[in-house]
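Please keep the model open while reading.

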Amino acid sequence: MPSVTEVLQTMDYGPAPESNSIVKEWLAQHEKGFGHFIGGSFVASKASKLDVLNPANGDKIASVANGLPEDVEKAVEAAAKAFKSWSKLSGFERAKHLYALARHIQKRERFLSVLETMDNGKTIRESRDIDIPLVARHFYHHAGWAQLAETEFKGYGPVGVCGQIIPWNFPLLMLAWKIAPALAAGNTVVLKPAEFTPLTALAFAEICMEAGLPPGVVNVVTGDGKTGAALVAHKGVAKIAFTGSTEVGRMIRQQTAGSGKKLSLELGGKSPFIVFEDTDLDAAVEGVVDSVWFNQGQVCCAGTRLLVQESIYEAFIARLKKRMETLRVGDPLDKSNDMGPLVDPVQLARVRGLVEKGKQEGGTLVQSPCPLPAKGNFFAPSLFLDTEAASTVMTDEIFGPVIAAMSFRTPDEAATLANHTRYGLAASLWSENLNVALEAAARVKAGVVWLNSTNLFDAAAGFGGYKESGFGREGGREGLYEYLQADWIASAATAKAEPPKKLSGATEAALPASDGAIDRTAKLYIGGKQARPDSGYSYDVKNAKGKVIGQAGLGNRKDVRNAVEAALKASAWSSASAHNRAQVLYFIAENLNSRADEFVKRLTEMGASTSAARREVGASLQRIFYYAAQADKYDGRIHSTNAKRQTTLAFNEPFGVMGIICPDEAPLLSMVSLAMPALAMGNRITLVPSQSQPFIATDFYQVLDTSDVPDGAFNIITGARDELAKTLADHDEVAALWYHGNAGGAAMVENASAGNLKSTWVFGGKRLDWFDATQGEGAEYLRRACQVKNIWIPYGE
Amino acid sequence: MLHQQAAPSGLGHNSFPRNAGTPLQLEWFENQQVNTSAAERRAASLTTRRSVKKEYQAAWLVKAMQCIDLTTLAGDDTPGRVTRLCAKAKRPLRDDIVEGLGLPEMPHVGAVCVYPTMVSHAVKALKGSGIPVASVATGFPAGLTPLPMRLAEIKYAVEQGAGEIDIVIHRAQVLLQEWNALYDEVAAMREACGPAHMKAILATGDLKTLRNVYKASMVAMQAGSDFIKTSTGKEDVNATLPVSLTMLRALRDYREHTGFNIGFKPAGGLKTAKDAMNWLILMKEEMGRRWLEPDLFRIGASSMLSDIERQLEHFITGRYAALSHHPVA
């Protein structure tokens, strides 16, 4: 230790280590290894052991069980048993339990912070000031939801046993994001922490015991990817929640396809960090520090694509480089360090590899000059210059402290570059001009947008992505829905939908037109125009008695491609005002009404009685009115996030291009029941109508033509239902897909949707009663037709 | 014009070329953006990102003490009170503490700061100590007396022996964005200071917005200030970390434009050793090591010194100290 006189010369910070003696004591108590936490106590496992290493020095600090399928089995059993009573508890009783968990976490906040730092490598500043306080906050907030769930979510109930798989970057915080809402909504859970970082989850299990949580409500099974796969595959699990890589998320989507399991995925990102020319540059420089050099850059929502307006590019980069000089990397328990080690040598190798690639591709690497410790998985804060939109370091998620920079000329170009990615998790936008900032926020396709700020989190706001960053939200009201299911879906008629009949282009003679009318050809409807099917074939449409009454176009892949292309171009529908969309929907109803007799006739021709046909047309008009009414009323929220002078706006945004596969029953009513909520929220749709009764839809485009529906907003492709569904499910420009067919088709759709991780809504082959308003219409349809974008707006002068 | 003025020999100056000022350069600040929320976040996290312990902490506290402008600016100041303060300025620590810290000699504070009519008493009391006397001037604290009187007040204080003059700016000129008028007044004050070292008090609590703080800082430096200072201690809001951060960024930008090194002085409301540490960390992170010396950094304070003494005693003895065990200022 230098003398006071010496320090007066150097004015160095000196070492400031946080003591870890209490955590070491705890680890010593568990020297023989941890079991799983099942049914309220720690149980031994026959499984092999996994070593847990301290990333700052590579020392082994604990060993945990590498969970076997039989361990998962026991845990799911315990959770299922506990579900019976836990789900029946009053909201108040569940609230008391969640409140107790929050209190106990606060009582052990320093212990948990130090343990997290030793296990994960994040700095003690972050675990102490960010992670652990947010954990407690999450449980407090959700104690409130437990209390209110019955009244705030009328008509919804818990899902059942939830399997939750969390990553290593925010171990205890991700646990809180998973467990708190699940428990609040009345579910029980089996949680698998990440292989690298299982320790705070095990400490949390102790807290569950201390806090008197009923046995089996929370179960923790440690292990690697195979343990996770066993949990995903388990039939007793009703819902899977996963946070992790897009690659694993895709596998889970495929693995759960057709299982009926509810699924939420919070995956990777390559988020833009956009600096406009009127920004407070110093503020944005600090933003970069908090964005990509936070948690060693191992943050899914990190702003890793630095887009700077060309007019200030040089000035900004100069300041950023200067700022990098004062960053400190080292022992994460030292209170004066900005960055610790990466989580594991594997991660370090990955980051090094990508950085090497960046250099080979011509990027210029700038790194903080700070000394790095000789031992441990340390990597210096890094900035790539001379990179382009196609550079690997600009397109691939690095998950390390590396940001790549490029310039843009105009706000328009910034939006284009920002959205030019397969991800859509977050965006950090910097401008002192309200117009520039809000327009950019509206245009960027991301679930979380921070204006003049970055990496802000709170239990009251939803977090989750667009596109291949996953689906579902965590936090806030929107997050609760991931752990609830609508009663009407749970109790919907169990009548099974039939597999579709095979269609042939070989047609028979139709019944002659009785009144000598001119022959009408039912075509496809693409981009506001009638289009002949690309195949050049039609298929026979038969009435209830099996007589051929005409031919409909046999749509194929290329027709779907053209329809999606038309829908993509019709973006004006998504940005039209809600009032404008409502007017168009009302106009559709008006024009359908004036042709009501025609539709009644068509329905009777297909075999319906006149009264049933009249009833269907009447119900359809009413349904269109319902969604016209909702168009400007199903709006967003302002979340009460935990900070002063800050507002968080939760927008309900359309997906963009949606695919809709209609059932056979009630062909007119089911079609409008599915199309109208999607349109009302601003989506452009490609719809496959009832395969057996397509004329209702081909007649309907006459209604659309006269109702000011913009070209391409509503496209209709007739033909073989599941072939068309498969093409739509495979299509990377389709962001969401609703499927009403048989169970096999539902599984196929979910499986194929893994390609771009589109949001899907299938009914597992169940048939709905479209005349029953509790099943056929309602807010659930609107909720499923949009994704929530949270825009964080700190303000103040 | 002050540009031609000879480098002063007075106390409180450093070896760098003295700020010669520049003609008013509106383009250096007119479009300056300062995002308040971001500045607050940076200020809040700055002091949680660094921690200084043990010998290091003791040394940092000694450094803070050496940067203090030990101040009395009260209506009931008397020659006796000022003399007592000067005694404390010369011997801020007990001998046993100096010895316990292993310091080669008794350190002293940066300066003693008083009203103009008290300057002569302070000069007398500090004779031979090497400690400069700073005087507030220009109608402190409101700065609303007529300009000739404000300039005369500066000259009076300099004649009385003040080596440093803490002037106050005319806040209305900032609130009305009258940059030419502000520049002219401050430049005139700098000229009136002659060889004395000039600290421009912006009274940031009155300016309200960080944008105003940045702009006023820049004009004050362009007009030739040697130091920029946050507050008189009499505004509703005194020195804060976000305000200080904004002034330091202006200071850094001015340095990039001109090459001149300007000093910084937070004042008002800094009372504890913890405050001292926070501001030292701010200086080191934003400006670097060089700005931790009294020729470029001062802390306007009075009660802070006692708290530093107690912390240093605790460092040496491991026991918490009583205020009454240290000589009163």
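## Terms and basis

Two strands pair if DSSP finds at least two bridges between them. Strands (E, at least two residues) and helices (H or I, at least four) are DSSP runs, numbered from the N terminus.

This is a predicted model, in which local features need pLDDT of at least 70, side-chain atom pairs count only at pLDDT 80 or more, and totals for chains, interfaces and linings use all residues. Residues are numbered from 1 along each chain as its sequence is written, while chains are lettered from A and ligands numbered from 1 in the order in which they are written.

## The sheet of chain B

Strands β1(B) (68–71) and β2(B) (111–114) run parallel and are joined by three bridges. Thr71(B) has Cys113(B) of β2(B) as its bridge partner.

Chain B holds an open sheet of eight strands, paired in parallel, in the order β7-β6-β5-β4-β3-β2-β1-β8. Its edges are β7(B) (263–265) and β8(B) (299–301), each pairing on one side only. From one strand to the next, the twist averages 25 degrees; axes are lines fitted to C-alpha atoms, for helices over the stretch in contact, and angles run from 0 to 180 degrees between N-to-C directions.

Burial comes next. A residue is buried if 20 or more other C-beta atoms lie within 10 Å of its own, exposed if 12 or fewer, and partly exposed in between, with C-beta atoms placed from the backbone. Five of the five residues of β11(A) are buried, so the strand is largely enclosed by the rest of the structure. Ser271(A), Phe273(A) and Val275(A) point one way; Pro272(A) and Ile274(A) point the other.

β11(A) runs parallel to β12(A) (303–309), with five bridges between them. Pro272(A) has Arg305(A) as its bridge partner there. Together, β11(A), α11(A) and β12(A) make a right-handed β-α-β unit: with the strands pointing away from the viewer, the path from the first strand over the helix to the second runs clockwise. Three bridges also join β11(A) to β16(A) (426–430), again in parallel. In that pairing, Val275(A) partners Trp430(A), and Ile274(A) stands opposite Leu429(A).

## From β16(A) to β17(A)

β16(A) is mostly covered, with five of its five residues buried. Ala426(A), Ser428(A) and Trp430(A) lie on one side, Ala427(A) and Leu429(A) on the other. Four bridges pair β16(A) with β17(A) (448–451) in the parallel sense. Ser428(A) and Trp450(A) are bridge partners. The chain crosses between these strands through α16(A) (434–443), and this β-α-β crossover is right-handed.

## Phe276(A)

Phe276(A) sits in the loop between β11(A) (271–275) and α11(A) (281–292). Is Phe276(A) buried or exposed? It counts as buried because 23 C-beta neighbours lie inside 10 Å.

Leaving aside neighbours within four places in sequence, Phe276(A) is in contact with Gln309(A), Pro411(A), Trp430(A), Ser431(A) and Val436(A). Contact means that C-beta atoms, placed from the backbone, lie within 7 Å.

## Where the chains touch

Chain B puts 30 residues in contact with 32 of chain A. On the chain B side, α1(B) (36–49), α2(B) (54–66) and α12(B) (273–286) each give two or more residues. The largest share, seven residues, comes from α1(B).

Conventions: Contact = placed C-beta atoms within 7 Å.
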